[in-house]
Structure formats: structure tokens, C-alpha cells
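This briefing walks through side-chain interactions, taking charged pairs, nonpolar cores and aromatic rings in turn. Please keep the sequence and the model at hand while reading.

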Amino acid sequence: MKSQITFFPVDNGDMTLITLENGKKILIDVNIRGRADDDDDDAPDVAAMLRQRLPHDAQGRLYVDVFLLSHPDQDHCRGLAKHFHLGEPGSCPNDKILISEIWSSPMVFRRASRHLTLSDDAKAFNAEAKRRVNLFKQTRLIGDIGDRILVLGEDENGKTDNLDQILVKLDQQIHHVNGAPETAVHTRLLGPLPPSEFEDEEETLSKNNSSVIVHFLIASDGTGDACAFLTGGDAEVVIWEKLWDKYGEHPWLQYDILQTPHHCSWHSLSHESWGDTDGKAHVSLGARNALAQAKTGAFVIASSKPIEDDDNDPPCIGAKREYEKTTRRVGGSFICTGDLPQGQKAQPLSFELDKDGLCLIRQSQPSPKSIFIGAVGRQPLAHG
Amino acid sequence: MSPSSLEFPSGIRRHLNLIQQHPRVLEVGTPFWCDNEQCFAVIAEFEIQLPSRRRAAGVSRSGVRGVEPVTLIFPASYPLHAPKIYLRSDFPRTFAHIQPGRPDAPPEPCILDGDLDELFHAQGLWSILNQLADWLEKAACDRLIDPVQGWEPVRRDNLEDIVVADLGFLRSQCLRQPQHNFFFFEYLKFLKSKDDRPHNKPTHLNGQIGNQKAKLSPARPEGLRQYFSRDPRQEMWVGKSIAILATPGKDSVGKPYIASQYEAETVTDIQSLYAQAEKYGCEQSLENAFSWLEKCARKLLANFSVPIVVILGVRRPFHLIGESSNIELVPYWLEISFPQILSDGEATPVFPLGLQQTVSEDLLRSFSNEPEPLEAKSITLIGCGSLGSKIAIHLARAGQGPGTVIDKGYLSPHNAARHALLPEMGVMQLDWMRPKAHAVASAINSLEQQTKALLADVSQIGHDRELRKTLFPKRIKTIINATASITVREALAQVPVHEMKARVLETALFAQGQVGLMSLEGRGRNPDTLDLLALAYQLMHDDEEIRPLVFQQPGAAQYNATGQGCGSLTMRISDARVSQFAASMTQGITGLIREQSAQNIGLLFLGKLEVDGISLNWQRHEVAPVQVVSMDNNVDWHIRVSDCAHQKILAECSKFPTVETGGILLGRVSQSRQSFFVTDVMSAPSDSKRMPEKFILGVEGVPEAVAEYMEATNNTLYCLGTWHSHLRPIGPSAEDYKTAAVIAKLQAMMSAMLIYTPDGYKGVFADRSMVYSNE
């Protein structure tokens with residue numbers, strides 16, 4: 001089986017599923033809007049799309065091997081409590097999705113809660129993460145399915161000391177996925193950046209939407225490095241500048257596919273406001289470089305609403321133009337999950353991983369209505 | 001002369017606009033006249049998404065370009081037929097889904113698992129463009145083989161030679177260890193016409209590979225003669241030879257070798273055969289096979305050549321399309337001679353071969369969607385007439401033909417109107433007029449199922465124990481009686497249960513094919529087939545619609561009052577009508593036989609043809625075991641009381657707990673089984689008298705009521721005698737015997753007197769002998 005990466009059409013939000021060649025599923029963020037469950041609404045039913053792609057466990061429950069929350073903003077965890085089981089695995093009802101292993105960063109939570117009130121979904125996730133961490137603290141064992149957790153990044157004041165094998169430190173590789181050694185993907189933790197001793201700097205990191213930033217090197221089709229995938233939640237300009245300073249042209253920033261931070265926001269590329277400067281805002285070279293390490297033919301994906309030529313941000317037309325410069329340079333493509341070919345229903349954007357990189361799985365083209373009715377109903381037709 | 005573009009048909013021109021609109025089409029060229037095909041064609045350029053790292057190079061690893069020109073050929077019959085699709089002539093041919101074609105013709109993608117013309121009519125040109133665009137993109141990303149759909153077997157060009165084999169068996173011979181096996185192979189080889197001999201190949205080959213292994217030994221070279229023979233006729237050879245099956249070895253880490261790369265067919269000689277075998281991991285097995293064959297053949301003094309088959313067993317990473325197995329059998333043939341088997345060494349020509357599944361029970365069952373095999377060997381079918389032959393052939397086509405078929409008759413010309421088999425052209429139709437059982441058995445045998453034919457009269461089994469043992473040995477579990485013969489039915493019922501445990505499944509048509517019947521005996525053959533038929537008559541009588549059809553048709557009384565059977569001379573109905581019932585009966589039979597062992601009660605199905613002449617309406621009736629009542633005065637005869645009659649008797653008795661009560665018995669007599677079968681009871685008339693020690697059956701209206709009943713069933717059911725209750729558990733009284741004698745005196749045939757006591761039923765047999773003894 002070839003590996004796949006799927007981006008669900010969730011407007012401004014993230015919801016990304018990696019299927020490894022051994023079948024394991026890593027889900028990054030969810031944004032299942034309440035109205036996705038409402039038949040009268042035309043928002044795509046991403047919950048159903050996700051469920052279709054998930055396997056059942058021995059008890060007949062749908063499950064993901066890993067759920068990674070990049071940061072606790074509502075557009076990254078909406079619908080979590082409704083569609084996923086948060087709590088002891090034994091009490092998981094059949095209609096909920098079981099999360100076998102959670103990947104979570106307490107550091108990101110701490111920074112986020114300084115500036116915003118956490119949503120119920122975020123609180124529920126945090127409680128569940130704490131339950132699993134406490135279980136580990138008590139037993140000192142990697143838990144069973146539904147009890148497992150990896151803590152991404154060290155927290156301040158030694159709070160994550162003694163977590164040993166469930167702690168992944170910055171720059172480390174995640175060797176075990178869902179409790180088992182993993183060779184089908186090499187996952188490298190690049191963020192969140194560590195706590196700063198300086199109050200100002202810590203404040204800046206918090207304000208820049210500190211997020212989990214991960215570089216996946218995914219095997220497929222007999223090739224160990226079939227695809228490099230870089231994703232970093234809503235991380236903004238300062239964070240990318242620091243990453244560029246730290247890594248430069250290191251392979252850990254290079255990608256075959258990039259999920260644009262913060263739904264193609266200008267704030268990931270610039271210190272200035274797109275709207276306020278009438279499109280003349282300056283790009284931060286460091287941040288742009290960090291996000292421009294595209295391999296030949298690379299894809300850049302904006303998980304956002306359709307991008308219009310206006311002052312909106314995110315998604316921002318200026319950011320799109322910057323990313324397109326990169327994709328043009330390497331003969332790649334920029335794709336927005338919100339852009340639909342005319343007359344098509346929103347579908348997940350899926351890539352299959354080939355030994356030569358990513359293959360976009362394109363949907364069949366619906367036949368143009370004009371075949372059947374021509375102009376009738378499209379414009380007023382005068383009859384003498 | 002080619003037509004100018006001015007003559008370009010407008011129908012095609014309109015479709016060109018559509019092609020231009022397709023989002024994946026970059027450009028559509030100017031239509032041109034295609035001399036080869038004698039029709040118009042156009043080249044459309046498709047935009048292809050290459051794997052990301054190949055986009056800069058503009059061509060995929062497999063050789064698909066970022067922009068692919070595709071030639072759409074509009075046949076003269078367009079738009080009745082879909083356009084043909086050709087790729088550029090240097091398009092790589094190494095893909096799974098490329099149509100086999102001549103090497104000099106442009107490659108033709110196989111874009112649809114189905115008929116392109118059908119798709120074209122169903123969903124239009126647009127869907128063909130979609131399929132094509134998807135095909136190209138999958139080819140570029142190496143996604144043409146879909147693990148869910150299955151592995152696409154290697155495509156072979158222009159296969160002219162076909163042999164058949166039991167593919168499931170051959171696959172089962174591909175074990176984890178590398179090995180080679182020799183199998184018997186019978187062939188028919190004939191010369192091709194002179195202008196049809198490309199590639200140095202002068203002959204066609206057909207044949208069949210058997211499931212028996214051929215044991216070649218160098219020690220007995222002359223013994224090899226049994227394996228190799230040739231009988232030349234005019235430009236044709238028939239003979240025996242062998243087929244080699246070479247199976248894959250292990251890979252570098254010692255696991256069974258899996259060929260996960262699709263390889264195009266390139267074999268033309270021994271050298272390329274070995275090269276291909278290496279890709280499949282079979283080369284060692286193949287080499288072993290050839291060297292053993294050479295060793296064995298060295299001393300064989302034969303001056304002729306024979307064709308042999310070589311099959312490479314290829315292990316694929318997942319199941320093949322439409323199969324559950326992941327073993328692909330890739331067959332070839334070549335001509336070998338003696339003593340040096342490869343006359344031209346490595347250059348000895350080798351030809352790709354088509355391999356098809358022989359007709360087999362498994363194949364038939366799988367295509368009939370019958371998951372589990374019936375124990376067909378334990379089924380015997382009696383009656384190979386129109387209904388029986390159709391049921392037999394239906395069963396056999398589903399891979400479950402009966403193990404034995406029996407009929408006493410011979411086919412005659414009129415059978416051609418409705419029999420399942422067809423007469424063949426021949427001298428005076430003599431071939432046709434053979435025993436029906438033999439004809440049906442050989443048809444079943446041709447479907448690769450063993451069936452025994454018996455030319456026998458089943459009605460003789462009652463008094464001929466040897467015949468009974470021959471026809472119905474112990475292993476038989478089900479007897480399908482499609483004779484519609486009452487005699488046969490009686491004979492079957494006559495055989496005691498301990499001598500014949502098989503249950504009888506009866507099928508019959510009534511009323512010119514307007515009513516069908518199917519019944520299955522209960523556990524221990526109770527109810528038995530006679531009981532069920534008698535009850536069926538009762539049910540037919542009770543059904544307002546069926547009654548007139550079965551019992552009151554003009555002429556019904558002339559030939560067998562009960563509307564028996566489809567005796568061919570009497571029942572004039574069409575083949576289709578018989579098939580209509582035979583088909584639904586066979587469906588029912590399969591289910592009934594499957595459930596038989598779990599089924600305790602008897603079952604009765606009545607099917608009625610609706611007035612539209614098309615629909616059949618079947619009703620299912622469960623029949624509880626009957627109560628068998630011994631006679632107080634006769635050891636041979638019994639009264640069999642149906643559950644329906646029994647319940648009525650119980651109800652009547654509970655109405656009169658303090659006095660005796662009674663009524664009239666209705667049903668049928670079986671002389672051969674020596675039994676009365678009570679299907680129903682008629683209430684006592686109003687002038688009857690019920691007393692504690694006595695019941696007097698009145699007369700008021702009785703003759704009329706019984707006559708009406710008998711008339712309604714055309715005398716199929718009639719009055720059997722009387723019943724009454726005793727309040728204490730005692731048998732027939734002196735009074736009862738007196739009455740029995742009176743009844744006997746007034747009735748030409750025997751009668752029954754049934755007594756219900758708190759202790760169960762008792763019976764009195766009344767016939768003329770009783771009268772004489774009294775006198």
C-alpha cells in the first residue's frame with residue numbers, strides 16, 4: 001500500500017490525515033463544524049469523510065493511531081469532544097472515534113491560555129491529555145490503546161521532567177508511533193520553541209501562536225523518503241524567523257509538501273499588517289526562507305477559505321503570492337483546499353506518495369451542464 | 001481518396017467542442033482522415049499530473065509525459081460505437097492495462113473494466129474522457145494496478161492458442177517451495193492458413209491439461225511413449241504430451257518470492273522465456289524441469305515432435321482481478337523433439353498461450369453464486385421428462401447436478417417441444433431417441449459432474465428389494481420425484497422407513513401448468529409424500545382460485561382426475577411455462593436440501609400462475625407429522641390422521657366432554673400402502689345423537705354434502721368412514737363392530753372407523769370380508 005496525505009475541506013482550519021504504508025493513521029487537528037452534521041447546510045461533511053478513511057478495531061470502533069493537536073485554537077480542535085472519545089478507553093461508545101495515542105504539547109497550551117479562553121473542545125482535550133500523563137506517572141508504563149500519550153517539548157520549571165519515554169524533546173525524532181517502533185515515517189519535532197527566560201520573549205512567542213511544528217519524512221512505494229511534509233499549526237513570523245536562524249538550509253525544513261501556517265496568513269511571513277499597508281507590507285526574509293525550502297515539484301497547501309484578491313487575512317492573497325513564487329521556482333503547485341473547480345462538490349484533497357514524490361489524486365470532472373441545457377437558465381434569453 | 005475536412009461529419013464536430021471543454025484537455029488538433037482506419041481522427045493533448053519530483057523533468061519514471069497526445073478515432077459507425085483511443089506509438093507498453101495488440105500498432109489503453117460502447121451510450125463522451133484522463137494520470141503515478149480491484153494479469157498479444165485446465169488445481173500446486181511438476185496434456189494441433197503465419201509459427205494449438213501428474217523417468221525411456229504421441233491426420237495432429245508447471249522459489253531473505261512488478265509479455269524463444277521466468281523467480285524450477293525432461297527423453301527413440309506447455313506460476317503481492325488467489329498462471333507452448341528436446345537451443349521458438357478454466361463444479365457454482373456445495377452425490381432424481389430434465393440441468397449448471405438420474409422412458413420426437421435437451425442433427429433422429437436418463441446424465445457429465453444414469457421403472461421397487469437397493473442405496477438422502485406419476489409416488493411411500501431413509505421431494509405441475517406443487521417429507525418420512533399430496537389436494541380444494549383450475553377443467557376427469565402430472569401427451573403447455581415453474585422449483589429445491597437435515601416437519605409449496613400469465617405466486621405450508629393409528633382388527637392397514645383433522649376432532653370432543661360425539665372422515669385411501677389418510681373431517685349432521693355411552697351419526701344432508709365435496713375435488717378426496725369419541729380409554733365396542741359391518745356392507749371399498757379415546761386413537765377396519773364373517 002502506498003502512503004497518503006489527505007487535507008479535509010474545513011475552510012479556515014486544519015484537519016489533515018496521514019496514512020502510512022503500514023496502514024497507521026496520524027490525524028493532525030480537526031475542525032468539524034457543527035453545521036457539517038446538518039443536512040440543510042452545504043458545509044462539507046468532513047466527519048463522514050474522515051470516518052470513511054478510518055479502520056475499525058477489534059471491538060468494532062473506529063480509531064486513529066495518533067491524534068496530534070498543533071495548538072488549542074478552536075479551528076484546530078472543533079468537534080473533538082463530539083466525534084472522538086475523550087476518557088478511559090473502556091468506556092468508548094461505538095459511535096465515537098477512539099484515539100489510541102495523543103501527541104500534545106503542554107507548553108503550547110500554557111502559552112495559548114495566556115491570551116485566550118480555551119474552548120470546551122480544547123479543555124476536554126487537555127483534561128484527557130492530563131489523564132494519560134498521570135496514568136503514566138502512576139504506572140511508569142507506556143499505556144494500552146486509548147491510554148497512550150507523547151508529550152511534545154519540555155515545559156517550564158521542570159514540569160515535564162521524569163516523563164522519560166513519553167517525552168519528545170525539541171529536535172528529537174519520534175521513534176515510536178502508537179506504542180510500536182516505526183520505520184514508515186521519521187517524525188522530527190521542530191516546535192514549539194522552548195520556554196524563554198525572558199518575559200518579553202516568552203510573551204512574543206505566545207503572541208505568535210506557538211504551535212507544534214513537525215517535519216515528517218514518509219516512506220512509500222519502496223522509498224524511505226518518498227515525501228517530506230512540513231506542518232506547523234498557526235505559527236507566525238517570529239517563530240519561522242527563529243527556525244530559519246536555527247536550521248537554515250537543513251533538510252528538516254525542506255519539504256515536498258507544506259501546509260501553509262495559519263491558513264495562508266500574512267502574519268506567518270511578515271511583521272506588518274496586510275490590510276493596513278494596502279498591500280505594501282514587507283516580507284520577513286527569515287520567515288519566508290524558512291517556508292521556501294521546497295523540493296522540486298513541491299506542493300504548498302493552504303487549508304483555508306478560497307483566497308480572494310482583497311484585504312482579507314487569513315487567507316491572504318499576499319501570502320499566496322509569496323508561496324507561489326516558491327512553487328514556480330521548483331515547478332510545483334499551490335493549492336487552496338477551499339478552491340473548488342466549478343460545479344464540483346468539496347472533496348478532501350488527497351495525495352498518494354510515489355517513489356517520485358506526491359501524486360495528486362484528482363477527481364473525475366463532472367460533465368458541464370452546458371452539454372444538456374446550454375444557455376437556458378444561465379442568462380435571460382429574449383424571445384421576440 | 002480521402003474525404004476532405006469539408007466532409008467532416010457535424011456529429012463528430014460537435015463532440016470536438018466537448019473534448020475541448022474538458023479541463024484536462026489542453027488542445028485539440030485539426031481532424032484528419034485516417035487511412036489505416038478509413039475514418040476521421042483527431043489528436044487531443046491531455047495534461048497529466050506527474051509525481052511531484054518528476055514534474056521538472058516532464059516525464060514520469062514509467063515514461064508518461066506531462067502532456068500526452070491521444071488519438072481519438074471516430075469509427076464510421078460513430079456515434080453508434082465509441083471512439084477508439086490510441087496513444088503515441090512510443091508510449092511505454094509496460095503497463096498492466098494496455099490492450100493486447102500488434103507491436104506495430106499504436107498502444108491502446110484499457111481505460112474501462114467493461115464495454116466502452118456501453119459507457120459511451122450510458123454516460124456520453126465526457127465519461128470516456130474522464131476515464132482516459134484518469135488512466136493516463138494513474139499510469140504516470142504507477143497507480144493502474146489497484147489492490148482492491150486486484151492484480152491485472154499480464155496482457156498477451158493476439159493469443160491464438162487456447163488450452164483449458166483446472167486452474168484452481170494448478171494454483172493449489174504452487175506451494176511455498178520452488179518445484180516443477182509434469183501433468184498430462186492432450187492436444188489438437190492444426191496448420192494455419194498460409195497467409196496467416198507470422199512469427200515463424202505454422203500451427204494452432206488447442207488442448208486440455210489434466211489433473212494427473214505424469215511421472216517421467218529416465219530409467220524407462222520406452223515408458224515415455226505413453227506420455228508422448230502424435231496421430232497425424234489431414235493437416236492436423238492429435239496426441240498426448242505433457243505440461244510443465246514451474247513455481248517460484250525464495251527471495252534473498254528466504255521468503256516466498258513475490259513478483260510485485262508488472263512485466264509486459266516479451267517471450268518469443270527459450271532465452272526470453274528464461275529471462276521472464278527469472279523476473280518471476282521461477283527460473284530454477286524451469287531449468288530443473290527442462291533438464292529432467294532432457295534426461296528422460298535422451299533414450300527415447302522417436303522421430304516426431306510434440307507440443308508441450310510450460311506454465312510459470314507467479315506469486316503476486318495481492319489477489320488477481322476477479323480471483324481470490326494471488327497466483328498468476330502464465331502459460332506458453334513450444335515444440336519439442338527427441339532425443340534433443342530443444343531443436344534450436346536457446347533460439348527454439350516459444351509462444352504465449354491462453355489458459356482457460358475448464359468447466360468444473362467449482363466454476364459453475366461460483367458463477368451461480370452458490371457458496372456451499374450441496375451433497376449432490378446424495379441426490380437422486382427420478383423422472384427425466386420436461387420438468388425433471390430442466391430441474392436436473394438447472395442444478396447441474398450451478399455445479400450441483402444430482403448424483404443419479406432415473407427414468408424408464410426414451411426420448412421421442414415430441415419431447416423436443418419441452419425437454420431441456422436439444423436433438424442434434426443426425427440420421428433419422430435416432431440419436432435423439434435414446435433413454436431419457438442417459439441423455440440427461442451425459443448432459444450433466446458434459447458439465448464435468450459425475451452422474452449415474454439408470455433406465456429403470458421405480459414403481460417396481462415396492463416388491464423388488466434388489467431393485468430398491470440398486471436404485472436407492474443408503475447414501476442417498478434426497479429423492480427428487482419429478483415423474484408426476486402416482487404409481488411412483490405410491491411405490492416410494494410403500495417402502496418402509498427403515499429400508500429407505502431418503503426423503504422424497506416431490507415436484508409436479510397441474511392444470512395445464514397453471515399450478516405447481518413441491519413437497520418435502522418430514523423427519524422419519526412423516527408426513528410422507530402420499531400424505532403431503534393428499535393434503536395438497538385438500539389445500540387445492542380449499543383455495544377458491546385453484547380449485548376450479550385443478551379439479552373442474554373441462555376434460556379433467558378424462559385423464560387422471562387429480563390433474564396428475566405433465567404426462568406429455570396430455571398436458572399441452574409451452575416449454576417456457578414448464579421452465580417458469582422448473583426455475584422457481586430449482587431455487588426452492590436448493591434451499592430445501594440445504595435445510596433438510598434441520599427440518600423436522602414436512603413442507604408443501606403450492607404455486608399459482610397469476611392471471612397475467614407471467615407471475616407465479618407460491619404459498620408455503622408447514623405440515624406437522626401425522627398420527628398413525630393401528631387397526632383393532634387388521635394388522636396391515638392403518639389410519640393416518642393429518643394434524644388439521646386431529647385438531648378439529650379435539651375441538652369437537654372438548655365441546656362435548658360428557659357425551660360421545662363424532663363425524664365423517666374425509667381423505668384418500670392408498671391401496672398399496674394400505675392406509676387411510678384423513679385430510680379433514682366433516683361435522684356430524686343435526687339429527688345426530690350424542691349420549692354418554694353412544695353416538696349416533698345422523699343422515700340429514702350428509703349424502704348431499706359428501707357428494708358435493710367429492711365433486712368439488714373431482715373424486716380425488718372422498719369419504720373414508722366415520723369417527724367418534726369414547727369418554728373412557730377403551731377400544732371399539734360391540735356396537736362399533738356392528739356399525740362397521742353395516743358400513744362395509746353398503747360400501748364397495750373398505751372404510752375406516754376412527755375412535756378418539758382419552759388414551760389416543762383406535763381404529764376399526766371395515767370391508768366386505770367383515771360382512772361375510774358376520775353372516
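With which residue does Glu370(B) form a salt bridge, and how far apart are the closest N and O atoms? The partner is Arg594(B), and the closest N and O atoms of the two residues are 2.8 Å apart. The model is a predicted one, and the points below are grouped by topic.

- The bridge from Glu370(B) to Arg594(B) links distant parts of the chain, since Glu370(B) lies in the loop between helix 6 (361–367) and strand 15 (379–382) of chain B, whereas Arg594(B) belongs to helix 13 (residues 575–595) of chain B, 224 residues apart.
- Glu370(B) has a relative accessible area of 17% and is therefore buried, as the cut-off for that class is under 20%, while Arg594(B), at 33% relative accessibility, counts as partly exposed.
- Another salt bridge joins Glu693(B) and Arg728(B), with 3.7 Å between the closest N and O atoms.
- Because Glu693(B) sits in the loop between strand 27 (689–690) and strand 28 (695–696) of chain B, and Arg728(B) in the loop between strand 29 (718–725) and helix 16 (734–746) of chain B, this pair ties together parts that are 35 residues apart in sequence.
- Glu693(B) counts as exposed at 60% relative accessibility, and Arg728(B) is partly exposed, with a relative accessible area of 47%.

**Salt bridges between chains, and the overall count**

- Over all chains, the structure holds 52 salt bridges.
- One of them brings together the side chains of Asp256(A) and Arg53(B), at 2.6 Å from N to O.
- This pair crosses between chains, running from Asp256(A) in strand 16 (residues 255–259) of chain A to Arg53(B) in the loop between strand 3 (39–47) and strand 4 (67–74) of chain B.
- Asp256(A) counts as buried, at 0% relative accessibility, whereas Arg53(B) is partly exposed, with a relative accessible area of 21%.
- Arg362(A), Arg24(B), Glu47(B), Asp134(B) and Glu137(B) are joined into one network by salt bridges that share partners.

**Nonpolar cores**

- In soluble globular proteins, nonpolar side chains tend to be buried together.
- The largest nonpolar core in this model has 65 residues, and Phe228(B) and Leu312(B) are the ones with the most contacts inside it.
- Apart from that core lies another, of 40 residues, which includes Ala392(B), Leu505(B), Ala582(B) and Leu609(B).
- When neighbours within four places in sequence are left aside, the residues in contact with Leu312(B) include Ala246(B), Leu273(B), Ala277(B), Tyr280(B), Cys282(B) and Leu286(B), and also Glu328(B), Leu329(B), Val330(B) and Tyr332(B).

**Aromatic rings**

- A search of the whole structure finds 26 aromatic pairs over all chains.
- Phe109(A) and Phe125(A) form one such pair, which is stacked, with 6.0 Å from centre to centre and 10 degrees between the planes.
- Phe109(A) lies in helix 4 (residues 106–115) of chain A and Phe125(A) in helix 5 (residues 120–139) of chain A, so the pair ties together parts that are 16 residues apart in sequence.
- Phe109(A) and Phe125(A) are both buried.
- Phe7(A), Phe216(A), Phe229(A), Phe299(A) and Phe351(A) are linked into a cluster by ring pairs.

**Charges over rings**

- Lys189(B) lies over the face of Trp237(B), at 4.9 Å from the ring centre.
- Arg690(B) lies over the face of Phe656(B), where the distance from the ring centre is 4.2 Å.

Note on methods. Residues numbered from 1 in each chain as written. Chains lettered and ligands numbered in written order. Predicted model: local features only at pLDDT ≥ 70, side-chain atom pairs only at ≥ 80, totals over all residues. Heavy atoms only, no water. Core = buried A, V, L, I, M, F, W, Y, C linked by side-chain atoms within 4.5 Å. Buried < 20%, exposed > 50% of the residue type's maximum accessible area, 1.4 Å probe, protein only. Contact = heavy atoms within 4.5 Å. Salt bridge = Lys/Arg side-chain N within 4 Å of Asp/Glu carboxyl O. Helix = DSSP H or I, 4+ residues; strand = E, 2+ residues; numbered from the N terminus. Phe/Tyr/Trp six-rings, centres within 6.5 Å; stacked < 30°, edge-to-face > 60°. Lys NZ or Arg CZ within 6 Å of the ring centre and 35° of its normal.
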